[in-house]
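Hi,

Here is the structure I said I would pass on. Have a look at it first, and my notes on what turned up follow below.

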Amino acid sequence: MNIIINGKEEQMALQEPTLEQLLAAYSLQGKSVIIEANGQIVPKEKIGSTTVKEGDRIEIVQFVGGG
Amino acid sequence: MESRYSRQELFLKEAHPYTDKHVLIVGAGALGSSLAEMLVRAGIGKLTLIDRDYVDWTNLQRQQLYKEQDAKERLPKAEAARTRIQEINSGVEISAITADGGPEELSTLMEDQRPDLLLDGTDNFETRFLINDLSQKYNVPWIYGACVGSQGISCVIIPGETPCFTCLLDVLPAEGMTCDTAGIIAPAVQMTTAFQGAEALKILAGRWGDVRRELVSFDVWKNTYSSIKIEALKKTNCPSCGEEARYPYLTEDNRTKTAVLCGRNTVQVRPPNNRTFNLTELASILEKQGAKVTTNGFLLSAVILEKRIVLFQDGRMLVHGSKDPEGAKKLYQQLLG
């Protein structure tokens with residue numbers, strides 16, 4: 001499935017088509033992130049149940065602490 | 001002769017608007033160095049810079065205000081930065097403070113100096129939550145910026161308008177990735193401060209309509225970029241900016257604190273009460289315990305019990321080659337009681 005992640009088209013093979021699996025694919029599970037799917041912020045508690053589909057535009061922002 | 005700000009004025013289409021503006025930058029590492037130089041060149045009226053560290057050889061790759069001699073002399077970053085930025089623009093009033101920006105120090109600065117803007121040049125989440133609470137309490141905007149590896153992130157926090165940092169991040173994140181583990185390249189720093197600096201120039205010129213209301217993040221190596229609208233994340237029950245805000249990060253507890261410094265393989269030990277140490281006296285205490293001691297007037301370096309340590313006049317100690325906070329605390333108590 002092709003998904004646009006942070007502005008870049010990526011081909012993803014996910015076990016289940018959920019945001020949680022997508023985060024896992026990027027090793028970001030349990031990290032401090034904000035996710036936007038097709039222009040809408042996804043609340044933390046809905047990350048597990050939100051599905052992703054072909055052509056979705058997903059923005060994943062991870063909070064980092066360095067400087 | 002044209003004014004030194006003529007090109008900036010041409011762009012802004014107004015006469016130099018920054019003369020009476022005061023900015024407080026917390027942290028003078030990679031982000032803080034870059035931000036300080038940008039704002040001093042832009043001609044703000046006053047810059048206050050607070051930092052707890054000294055210049056190390058590994059800083060020179062990206063911390064643009066420092067040179068080899070600063071690292072050789074182990075100058076406190078605030079002092080080395082002051083010298084350099086005053087050379088760049090002698091018309092800016094600079095206040096450089098070598099101290100750990102904790103709740104007490106920063107609250108005092110806010111009370112006494114009432115800066116127009118707070119800029120994040122720190123390397124840890126704890127201080128960012130503290131800056132966030134100060135911003136809310138004193139109604140002063142701040143600009144979050146952070147970077148690691150080849151990625152960076154920035155966000156403008158305006159009290160009473162945007163969600164605050166606590167709304168965005170309800171818990172202190174476990175710092176899985178720091179400059180220690182992932183490294184950092186200079187372009188990631190400069191891109192982060194370009195976003196922070198642009199917003200700073202807008203805010204200080206009063207161009208509120210142009211201020212970015214989105215969380216921006218990027219990776220200059222993987223070639224990705226995101227900008228996310230965050231207004232939906234504002235929480236009415238937020239402990240930092242909600243209806244019953246109680247500013248949880250401003251509460252000082254009176255314990256000896258330790259922190260692992262980003263990118264340094266170093267632990268800082270900070271005693272509870274601010275006390276001023278006499279470095280000469282301290283040197284003789286350490287020498288009696290078999291240490292080889294050197295001092296540069298601002299701080300003291302020593303090798304003792306196979307550890308390289310640095311002691312500042314305010315009683316803080318850095319233990320190098322360690323990521324063990326408990327061990328560092330023990331060493332501190334062993335040496336200084």
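Before the interface numbers, one term: buried area is the accessible area, taken with a 1.4 Å probe, that two parts lose on being put together, summed over both. Please also keep in mind that this is a predicted model.

**Where the two chains meet**

Chain A and chain B bury about 2000 Å² between them, and 61% of that is on carbon and sulfur atoms. Three residues stand out on the chain A side: Phe63(A), Val64(A) and Gly67(A) give 32% of the area that chain A buries against chain B, more than any other three residues. In terms of contacts, 17 residues of chain A meet 37 residues of chain B.

What holds polar atoms together across this interface? The rule finds 11 residue pairs in polar contact, both partners being at pLDDT 80 or more, but zero salt bridges. On the side of chain A that touches chain B, β3 (33–37) and β5 (57–62) of chain A each supply at least two residues. The largest share comes from β5(A), with four residues. By type, the residues on that side of chain A split into six nonpolar, seven polar and four charged.

**The nonpolar cores**

The largest nonpolar core has 39 residues, and it takes in residues of both chains: Ile34(A), Phe63(A), Tyr144(B), Ile153(B), Phe165(B), Leu168(B) and Leu215(B) are the ones with the most contacts inside it. Several elements of chain B give two or more residues to this core, namely β1 (22–26), α5 (103–113), α6 (125–138), β5 (142–148), β6 (151–157) and α7 (165–168). Of the core residues, six come from α6(B), which is the largest share.

**Salt bridges**

Over all chains, the count comes to 20 salt bridges. Here are a few to look up.

- Asp53(B) and Lys77(B) meet through their side chains, 3.6 Å from N to O. Asp53(B) sits in the loop between β2 (46–51) and α3 (68–73) of chain B and Lys77(B) in helix α4 (residues 77–88) of chain B, so this pair ties together parts 24 residues apart in sequence. Buried or exposed? Asp53(B) has 7% relative accessibility and counts as buried, and Lys77(B), at 4%, counts as buried too.
- Arg213(B) and Glu161(B) form a salt bridge with the closest N and O atoms 2.7 Å apart. Because Arg213(B) lies in the loop between α9 (186–204) and β7 (214–219) of chain B and Glu161(B) in the loop between β6 and α7 of chain B, the pair ties together parts that are 52 residues apart in sequence. Arg213(B) is partly exposed at 29% relative accessibility, as is Glu161(B) at 39%.
- There is also a network: salt bridges that share partners join Arg52(B), Asp100(B), Glu105(B), Asp123(B) and Arg270(B).

**Helix α5 of chain B**

Glu105(B), from that network, is one of the buried residues of α5(B), along with Pro103(B), Leu106(B), Ser107(B), Leu109(B) and Met110(B). What do they pack against? The buried residues of α5(B) pack against β1, β2, β3 (93–98), β4 (117–120), α6 and β10 (266–270) of chain B. After α5(B) comes Arg114(B), with a positive phi near 40°. Arg114(B) also makes a salt bridge with Glu111(B), at 3.5 Å from N to O.

**A residue in β10**

Thr266(B) is buried, with a relative accessible area of 0%. The side chain of Thr266(B) makes a polar contact of 2.8 Å with the side chain of His320(B). Beyond four places in sequence, the contacts of Thr266(B) include Ala259(B), Val260(B), Leu261(B), Leu318(B) and Ser322(B).

Happy browsing!

Key. Residues numbered from 1 in each chain as written. Chains lettered and ligands numbered in written order. Predicted model: local features only at pLDDT ≥ 70, side-chain atom pairs only at ≥ 80, totals over all residues. Heavy atoms only, no water. Contact = heavy atoms within 4.5 Å. Salt bridge = Lys/Arg side-chain N within 4 Å of Asp/Glu carboxyl O. Polar contact = N/O pair within 3.5 Å; in protein donor to acceptor, adjacent residues only side chain to side chain. Nonpolar A, V, L, I, M, F, W, Y, C, P; charged D, E, K, R; others polar. Core = buried A, V, L, I, M, F, W, Y, C linked by side-chain atoms within 4.5 Å. Buried < 20%, exposed > 50% of the residue type's maximum accessible area, 1.4 Å probe, protein only.
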